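Subject: Structure for you to look at

Hello,

Here is the structure I promised, with the sequence alongside. My notes follow below it.

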Amino acid sequence: AGTAACAETGSGSQGAGSRTLVAYVTRSGNTRVIADTLQRVLAADLFEIRPAQPYPLDYEEHVERARRERDQGYEPPLAERGPDIAGYDTIFLGFPIWGETTPPPIRSYLKAYDFRGKIIRPFITHGSYGVGNSLSILTSHAPGVPIEPPFVMEADQERRTLNEIKGWLAEIKAS
Ligand SMILES: Cc1cc2nc3c(=O)[nH]c(=O)nc-3n(C[C@H](O)[C@H](O)[C@H](O)COP(=O)(O)O)c2cc1C
């Protein structure tokens with residue numbers, strides 16, 4: 001949150017009157033790398049979408065809450081609404097795939113504003129299972145809004161890192 005806040009209030013490359021917003025969700029930072037790059041290259045504004053109640057730091061607990069929210073169609077309240085959408089023509093919307101769909105805060109974000117008249121350009125990272133039904137979720141939560149073809153990238157899975165570290169620590173314990 002700290003870094004996002006800095007980027008939002010920073011001046012210089014952002015330039016007053018920017019018409020492009022880069023809004024994103026991230027847990028482990030893969031999607032943030034893309035968001036930060038877009039922000040710099042496009043001199044766009046940047047907003048990290050976060051739920052009012054942060055997701056657990058523990059990976060398994062996070063997976064569990066995300067699954068529950070997905071299954072219940074829950075749209076978690078957001079910590080902040082972010083910049084007023086009215087000021088932008090294009091929204092680059094970034095997120096990781098959670099449970100083969102969009103993170104619940106993305107659904108909350110799309111519901112929070114009227115995106116008609118804007119263009120949404122999704123950028124998506126996933127851990128190797130692809131984008132799931134996320135694109136149809138965007139269409140259903142932003143009806144009538146053109147969704148451009150997404151940028152999709154496979155990226156590191158925190159679960160794999162976690163398992164590797166557990167293996168390493170088990171070796172240390174056994175030695
Ligand atoms: C709660 C949770 C659920 C996930 N579910 C999937 C999934 O269904 N399919 C997949 O390919 N990757 C899944 N992943 C892996 C992430 O999509 C992938 O590592 C992504 O690049 C993480 O982006 P981030 O670093 O911006 O958080 C999941 C990760 C988390 C935290």
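How many helices and strands does the protein have? There are six helices and five strands. Please keep in mind that this is a predicted model.

Overall layout

Along the sequence, the pattern reads α-β-α-β-α-β-α-β-α-β-α. Of the 175 residues in the protein, 29% are buried.

The five strands form an open sheet in the order S2-S1-S3-S4-S5, and the pairing is parallel. S2 and strand S5 (151-154) are the edge strands. Each has a single partner strand, so one side of each lacks a neighbour in the sheet. From one strand to the next, the twist averages 15 degrees.

Here are the pairings, one by one:

- S1 and S2 run parallel and are joined by four bridges. Ala 23 sits opposite Phe 47 in S2, and Tyr 24 sits opposite Glu 48 in S2.
- S1 and S3 are parallel too, over five bridges. Here Val 22 faces Phe 92 in S3 as its opposite residue.
- S3 and S4 run parallel, with seven bridges between them. Gly 94 is opposite Phe 123 in S4.

How well covered are the strands? In S3, six of its seven residues are buried, which leaves the strand mostly covered. S2 stands at an edge of the sheet, yet both of its faces are covered. Asp 45 and Phe 47 are buried on one side. Leu 46 and Glu 48 are buried on the other.

The core

The largest nonpolar core holds 27 residues. Leu 21, Val 22, Ala 23, Tyr 24, Ile 49 and Ile 91 have the most contacts inside it. Five elements each supply at least two residues of this core: strand S1 (20-24), helix H2 (30-42), strand S2 (45-48), strand S3 (90-96) and helix H4 (104-112). As a general point, nonpolar side chains tend to be buried together in soluble globular proteins.

Setting aside neighbours within four places in sequence, Ala 23 is in contact with Phe 47, Ile 49, Gly 82, Ile 91, Leu 93 and Tyr 109. Two of the names in that list, Ile 49 and Ile 91, also belong to the residues with the most contacts inside the core. Phe 47 is the residue opposite Ala 23 in S2.

The ligand

Which residues are closest to the ligand? They are Asn 30, Thr 31, Pro 96, Thr 125 and Gly 127, out of 24 residues that surround the ligand. H2, helix H3 (59-72) and strand S4 (119-126) each give two or more residues to this shell. By type, the shell divides into seven nonpolar, 12 polar and five charged residues.

Loops worth a look

Glu 148 lies in the loop between helix H5 (134-141) and S5. Is Glu 148 buried or exposed? Glu 148 is exposed, because 12 other C-beta atoms lie within 10 Å, and 12 or fewer counts as exposed. Not counting residues up to four places away in sequence, Glu 148 touches Ile 119, Ile 120 and Arg 121. Glu 148 and Arg 121 are 27 residues apart along the chain, but their C-alpha atoms are separated by 5.1 Å.

Glu 100 is in the loop between S3 and H4. Its phi is near 60 degrees, a positive value in a residue other than glycine. Glu 100 is partly exposed, with 13 other C-beta atoms within 10 Å.

Ser 128 sits in the loop between S4 and H5. Ser 128 is not a glycine either, but has a positive phi of about 130 degrees. Ser 128 counts as exposed, since 9 C-beta neighbours lie inside 10 Å.

Best wishes

Conventions. Residues numbered from 1 in each chain as written. Predicted model: local features only at pLDDT ≥ 70, side-chain atom pairs only at ≥ 80, totals over all residues. Core = buried A, V, L, I, M, F, W, Y, C linked by C-beta atoms within 7 Å. Buried ≥ 20, exposed ≤ 12 C-beta atoms within 10 Å, placed from the backbone. Contact = placed C-beta atoms within 7 Å. Near = placed C-beta within 6 Å. Nonpolar A, V, L, I, M, F, W, Y, C, P; charged D, E, K, R; others polar. Pairing = 2+ DSSP bridges. Axes fitted to C-alpha atoms, helices over the stretch in contact; angles between N-to-C directions.
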